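Please find below a colleague's note on the structure, arranged as numbered points. Each point takes up one topic.

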Amino acid sequence: ARSTLLPVALGAASLVNPYGWRLYELVARFGDPFFREAIVEWEPPFESRFMATPQFWLYIIWLAVAIVAAWRSLRSRREAAPVLTLTVFAALSFAARRHISLLAIVTAPWVGAELAGWIEGLSRGRERLRRAAAITGSCAPAVLAVLLAAQGAIRGDGKTRAPSIGIAANVPVEALEVMRAEELRGRVFTDMGF
């Protein structure tokens, strides 16, 4: 029952923002085909340029493990929430690449539990293997972060984005400096983008 009420409570909590329900109006604007064509993250993942990247195959592997974990959760514990959650977020990820990270975030708890159970079963009676798996699992995110920082991320078009502090060339840094120098206050930003 709690797993059914949680999405309702989170949906209600999302309305507590400066825009109220109109926040979802902004989300609906991204359904416009213009955004789908102009912004890479709104393209679907099953597009040839993205399919040629390592991120695509990581997505496919994660999706496969999430499906197995959700199915096992339904079969062994009779929990429908993982299957329903996976269905919603997998559908979102099929529609736009930007939702792949959300899929990973919401499925991480049961994917992690499933992988932990699998590693434990594999390493039962083999303490060294169990420790190695735990250390590898703990260090993998840090190693990935260091690689991305040193080498840059592979973009959707197959090119590598150079490492940076996250300020893109199209960010109006000078405009922000003028706003700070002029001590502008109040609602100085637009609804979209900046």
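1. In this predicted model, Leu15, Trp21, Tyr24 and Val27 make a nonpolar surface patch of about 450 Å². One of these residues, Val27, is placed in helix 2, which covers residues 23-29.

2. Of its 194 residues, 18% count as buried. The protein exposes about 14400 Å², and carbon and sulfur atoms supply 66% of that area. Among contacts with a separation of 6 or more, 50% come from residues 24 or more positions apart.

3. In soluble globular proteins, nonpolar side chains tend to be buried together. Here the largest nonpolar core has 13 residues, and those with the most contacts inside it are Tyr59, Leu63, Leu86, Leu103 and Trp110. At least two residues of this core come from each of helix 5, helix 6 (81-95) and helix 7 (100-123). Helix 5 gives the most, with six residues. Which residues does Leu63 contact, leaving aside its neighbours within four places in sequence? They are Leu86, Ala90, Phe94 and Leu103.

4. The aromatic residues come next. A pair of aromatic rings is described by the distance of the centres and the angle of the planes. The count comes to six aromatic pairs. In one of them, the ring centres of Phe46 and Phe56 are 5.7 Å apart and the planes stand at 85 degrees, so the pair is edge-to-face; the cut-off for this class is over 60 degrees. Phe46 belongs to the loop between helix 3 (33-38) and helix 4 (48-51), whereas Phe56 belongs to helix 5 (residues 54-77), so the pair ties together parts that are ten residues apart in sequence. Phe46 is partly exposed at 44% relative accessibility, while Phe56 is buried at 3%. Ring pairs also link Phe46, Phe50, Phe56, Trp57, Tyr59 and Phe94 into a cluster.

5. Charged side chains form a further set of links. Side chains of opposite charge can pair when their charged atoms come close. There are six salt bridges by count. Arg98 forms one with Glu41, and their closest N and O atoms are 2.7 Å apart. Arg98 lies in the loop between helix 6 and helix 7, and Glu41 in the loop between helix 3 and helix 4, so this pair ties together parts 57 residues apart in sequence. Arg98 is partly exposed, with a relative accessible area of 36%, and Glu41 is partly exposed at 36% relative accessibility.

6. Salt bridges link Glu43, Glu47, Arg49 and Arg97 in a network. Within it, Arg97 pairs with Glu47, the closest N and O atoms being 3.2 Å apart. These two residues are 50 residues apart, Arg97 in the loop between helix 6 and helix 7 and Glu47 in the loop between helix 3 and helix 4. Arg97 is buried at 9% relative accessibility, as is Glu47 at 18%. Glu43 pairs with Arg49, with closest N and O atoms 3.0 Å apart.

7. A last point concerns the backbone. Glu183 is not a glycine, yet its phi is positive, near 55 degrees. Glu183 is found in the segment after helix 9 (173-181), and it is exposed, with a relative accessible area of 57%.

Key
Residues numbered from 1 in each chain as written. Predicted model: local features only at pLDDT ≥ 70, side-chain atom pairs only at ≥ 80, totals over all residues. Heavy atoms only, no water. Patch = residues over 30% accessible without salt bridge, like charges linked within 9 Å, V, L, I, M, F, W, Y side chains within 5 Å. Areas by Shrake-Rupley, 256 points an atom, 1.4 Å probe, with all protein chains shown as cover. Salt bridge = Lys/Arg side-chain N within 4 Å of Asp/Glu carboxyl O. Helix = DSSP H or I, 4+ residues; strand = E, 2+ residues; numbered from the N terminus. Phe/Tyr/Trp six-rings, centres within 6.5 Å; stacked < 30°, edge-to-face > 60°. Buried < 20%, exposed > 50% of the residue type's maximum accessible area, 1.4 Å probe, protein only. Contact = heavy atoms within 4.5 Å. Core = buried A, V, L, I, M, F, W, Y, C linked by side-chain atoms within 4.5 Å.
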